[in-house]
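Biologist: Can you walk me through this model? I'd like to start with how the chain is divided up.

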Amino acid sequence: MLPYTIIIGLETHVQLLTETKLFCGCGTIFGQPPNTQICPVCLGLPGALPVINREAYYLAVKAACALNCEISRNTKWDRKNYYYPDLPKGFQTSQFDYPVGVGGHLTITDPADAEKQREVGLFRVHLEEDAGKSMHDEEADKKSNMQSTRIDLNRAGMPLLEIVSKPDMRSPEEAYSYLTELKLLLMYIGVSDCNMQEGSLRCDANINLHIAPSPSNRLKEVLKTPIIEIKNLNSFRAVRAALAYETNRQYQCFLDGEYVGDFAKQTWLWDEAKQITRQMRTKEESSDYRYFPEPDLLPVIITDKEVAEVQKSIEYRKPPDVRKRLTEQYLLSAYDADVIVNAGWEVAEYFFTLAKKSGNAKQSANWLTQEVMRILNQQNIPIAEFPLSAETLAKLIAAIDTGKIPRNQAKAFFAEMLKSQESVETLIQKLGVVSIPQEELDKIAEQIIAENPNIIAEILQGKAKAIGSLIGKAKKLNKNIDPALFEACLKAKINAG
Ligand SMILES: [Zn+2]
């Protein structure tokens, strides 16, 4: 038992997958030359008027629905005032008192027990515009003996969704699990690509400790350490490492007698190179931003019907629902279901078609998670670029099931299909299948049963393994027998008496 409870809340920003910015028609492509995707609106030039991007609003509502939030039917925009070189307007257009979504939760898997799930509550989900990027060149500064900042405003005005969790997480591992599940969900419903390298997903973490009274620490009541907000977290691993570091640092400060009174919330930075946190500045209170309603934009009204339509569009599309469908409807193991779900919605969709068209869910899962995913990983391609459609692969699986293609030739057929993309029928003619007609199989099974009464008796008494020796005997009669097909035929005859 730890002598303290860890209290973690996360603020996540995700860039929405729109073609244009939130309040103007500028493009949103990543990596364009600096200041080439800008206009008077996103620069905040006098007289320029913003216009809301309906698609961005729709995606925000979609995310809020998927996160089980209550959707505000009536929202307005607010100016969050602060000055920064990468924010030429001097304010950020955001949502203050009427966010897109209120409340809600995300279900995560307990990092200590994969069977257990728990809910992390959310305060709110709101839409706002992104700021530009500041870049510093320390070398150039040294040469010119002057501090300079270069500004790229391509990012200014991009639609950002802010998701604020409640302080419901109790370990750095849970925070990691929350981020993983959040990313998977947002990618599944097509709201964001969540690419951390390109800054489409950013996260700030809030952490403090509740230290319980004990004889050794002589506390009279629970002591709460000051809340530290950690910024500059560039990967999920960095989030986990920074939170673990900060837990130890805060407890050590307490042991050193440093926490005596109330402290304001502080902002710290994660130093990835040194793997430590360091202090940055004291956190602004929301009153410092002097929020006030944006006079240039109309309020957004969304009807019950529109919310219902969004809800319907994500039905069966959330990772927990897909996992459930795979295990309950298709009877896959939790492990197989997880492998498919974690590979993304397109892979799950491929599976559904494969299982439906082949009529064999278990074999579909095997082919998908073993052969298909191996090739995707090797060639580093998405499933959309896999040469075989689900319908084509399904025909191969069905042909194996019905005995048209012997099981021991399955891999050879698959390899040939990948190369030539020819149909099962063409390949059977081309490769030549040594398959045995059902009548022949029946005849061999009957002969084996007649010749081996003792073994049959053993099987009937429940010694299932004994069937292996009969398959061996059958193979001696005809070496081309497919073991699985023959076993099925034999079992049917034994059970029929
Ligand atoms: Zn613009």
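Modeller: The domain assignment gives domain 1 (4-301), domain 2 (316-432) and domain 3 (438-495). Those bounds come from an automatic or database domain assignment. This is a predicted model: local features need pLDDT of at least 70, side-chain atom pairs count only at pLDDT 80 or more, and totals for chains, interfaces and linings use all residues. Residues are numbered from 1 along each chain as its sequence is written.

Biologist: How far apart are the C-alpha centres of domain 1 and domain 3?

Modeller: They lie 65 Å apart. For a residue pair, take R202 and K463: they are 261 residues apart along the chain, and their C-alpha atoms are separated by 59 Å.

Biologist: Where is R202 found?

Modeller: R202 is in strand β12, residues 201-211. Helices (H or I, at least four residues) and strands (E, at least two) are DSSP runs, numbered from the N terminus. R202 has 18 other C-beta atoms within 10 Å, so it is partly exposed. The scale: buried means 20 or more other C-beta atoms within 10 Å of the residue's own, exposed means 12 or fewer, partly exposed is in between, and C-beta atoms are placed from the backbone.

Biologist: What percentage of the 497 residues count as buried?

Modeller: 34%.

Biologist: And how many helices and strands does the chain have?

Modeller: It has 17 helices and 18 strands. The radius of gyration is 30 Å, well over the 23 Å that the globule rule gives for 497 residues, so the chain is more spread out than a compact globule. That radius is taken over C-alpha atoms, and the rule is 2.2 Å times the number of residues to the power 0.38. Along its principal axes the C-alpha trace spans about 95 × 65 × 55 Å.

Biologist: Now the core. Which residues touch the most other members of the largest nonpolar core?

Modeller: A60, A63, A64 and A205, in a core of 65 residues. A nonpolar core is a set of buried Ala, Val, Leu, Ile, Met, Phe, Trp, Tyr and Cys residues joined through C-beta atoms within 7 Å. Another core, of 31 residues, lies apart from it, and includes V341, V347, L354 and A365.

Biologist: What is A205 in contact with, leaving aside neighbours within four places in sequence?

Modeller: I8, L10, A175, I230, L233, V239, A242 and L243. Contact means C-beta atoms, placed from the backbone, within 7 Å.

Biologist: Switching to sheets. What is the order in the three-strand open one?

Modeller: β5-β4-β17, with antiparallel pairing. β5 (91-94) and β17 (292-293) are at the edges, each with a single partner strand, so one side of each has no neighbour in the sheet. β4 (residues 78-81) pairs with β5 over four bridges; strands count as paired if DSSP finds at least two bridges between them. D78 is opposite S94 in β5.

Biologist: Which backbone angles deserve a look?

Modeller: Most residues other than glycine have a negative phi. N35 has a phi near 60°. N35 sits in the loop between β1 (4-15) and α1 (40-43). Q421 has a positive phi of about 55°, in the loop between α12 (410-420) and α13 (424-432). Q421 counts as exposed, with 12 C-beta neighbours inside 10 Å.

Biologist: Where is confidence lowest, and where highest?

Modeller: It is lowest in α13, at a mean pLDDT of 78, and highest in strand β11 (residues 159-165), at 98. pLDDT is the predictor's confidence in each residue, from 0 to 100. The chain averages 90, and 97% of the residues score at least 70.

Definitions and conventions:
Two residues are in contact if their C-beta atoms, placed from the backbone, lie within 7 Å.
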